[in-house]
Amino acid sequence: MMSNKTPQKLKDSLLSLDMDATMEQVDFVVKGDADVTVQEAVDAVAEALEVVGKRFQGGEWFLAELVYSGEIAKSAMELLSPLMSSGASQPLGTIVVGTVAGDLHDLGKNIFINYSKSAGFEVVDLGIDVPVEKFVSAVDEYKPLALGMSCLLTITSEEVGKVIEGLKDRGNRDKVKVIVGGAALTEEFAREVGSDAFAPDAITGIDIIKKWIAS
Ligand code: B12
């Protein structure tokens with residue numbers, strides 16, 4: 001039986017770049033042998049990645065470490081994600097989500113998607129490196145209550161505004177709420193380019209969308 005130290009061990013093994021030790025902890029969670037929830041385990045992965053980012057930024061770690069830690073996190077999430085499925089019987093509505101063009105980061109987007117599903121939303125995942133036109137057509141096709149964009153790179157942040165312009169050109173801007181997230185964005189930037197909300201994390205994002213439904 002694992003103790004409630006599992007999240008710490010998960011975090012430590014990911015930060016030691018130890019794939020086997022990380023997956024061992026994930027296995028405990030998946031088998032229900034750890035006294036932590038799946039969500040706590042997912043949060044531990046996210047916290048570890050935050051530390052990875054700081055190490056990379058501070059010049060302590062290089063691209064190889066960045067890439068490998070991303071791979072470990074992805075393997076962990078592949079096992080944890082399916083366990084976060086919804087308990088709700090009636091979907092609350094549809095959310096279309098994607099990472100903007102030029103950006104290949106998807107761990108944060110996928111965490112947001114998992115939280116959305118477990119909160120009872122139907123999610124259409126457009127994937128990574130999503131061109132403007134694909135976002136705009138998906139809004140036409142799925143008529144979602146919200147469109148979520150993820151953006152981790154400063155150089156791709158202008159894509160967010162382009163998608164919003166694209167929605168306007170198609171006459172769809174007032175038919176969908178736009179919410180954005182990711183390390184490259186800020187509340188201020190999000191407002192400037194015309195989105196309805198910025199979410200610093202997945203939970204806040206869900207709270208905002210739930211408030212939109214209620215009003
Ligand atoms: C892992 C990682 C990678 C992995 C990605 C693996 C993958 N499958 O996603 C790999 C190795 C591939 C990678 C590549 C690169 N990366 Co990188 N990467 C990271 C790192 C360390 C963690 C990102 C992450 O997954 N965080 C964990 C998740 C959970 O957090 P998150 O994404 O922020 O998501 C949360 C919230 O933001 C929010 N959220 C996110 N999206 C959305 C969307 C919606 C709708 C909502 C509501 C909420 C929401 O909810 C999430 C959960 O709470 C960050 C560091 C950092 N501080 O972010 C750098 C970072 C983003 N990368 C960076 C860079 C520079 C690169 C490269 C250019 C490196 C290179 N020289 O090649 C390439 C770019 C490739 C490309 N074209 O996209 C820089 C970006 C700098 C900048 N300001 O532009 C960062 C900030 C590192 C740094 N400090 O310098 N990277």
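Tutor: Domain bounds here come from an automatic or database domain assignment. Keep in mind, too, that this is a predicted model.

Student: Which domains is the protein divided into, and how far apart do their C-alpha centres lie?

Tutor: The assignment gives domain 1 (6-84) and domain 2 (94-214). Their C-alpha centres lie 25 Å apart.

Student: What makes residues of domain 1 and domain 2 count as a contact, and how many does the contact take from each?

Tutor: Two residues are in contact if their C-beta atoms, placed from the backbone, lie within 7 Å. By that test, the contact takes nine residues from domain 1 and six residues from domain 2. On the side of domain 1 that touches domain 2, helix 3 and helix 4 are the elements giving two or more residues. Helix 4 gives the most there, with four residues.

Student: What makes a residue part of the ligand's surroundings, and how many are there?

Tutor: The C-beta atom, placed from the backbone, must lie within 6 Å of the molecule. Here 39 residues surround the ligand, and among the closest are Gly53, Gly108 and Gly148.

Student: Why does the ligand lie between domain 1 and domain 2?

Tutor: Both domain 1 (6-84) and domain 2 (94-214) give residues to the shell around the ligand, so the ligand lies between them. Helix 3 (38-57) and strand 4 (177-181) are among the elements that each supply at least two residues of that shell. The largest share, seven residues, comes from helix 3.

Conventions: Residues numbered from 1 in each chain as written. Predicted model: local features only at pLDDT ≥ 70, side-chain atom pairs only at ≥ 80, totals over all residues.
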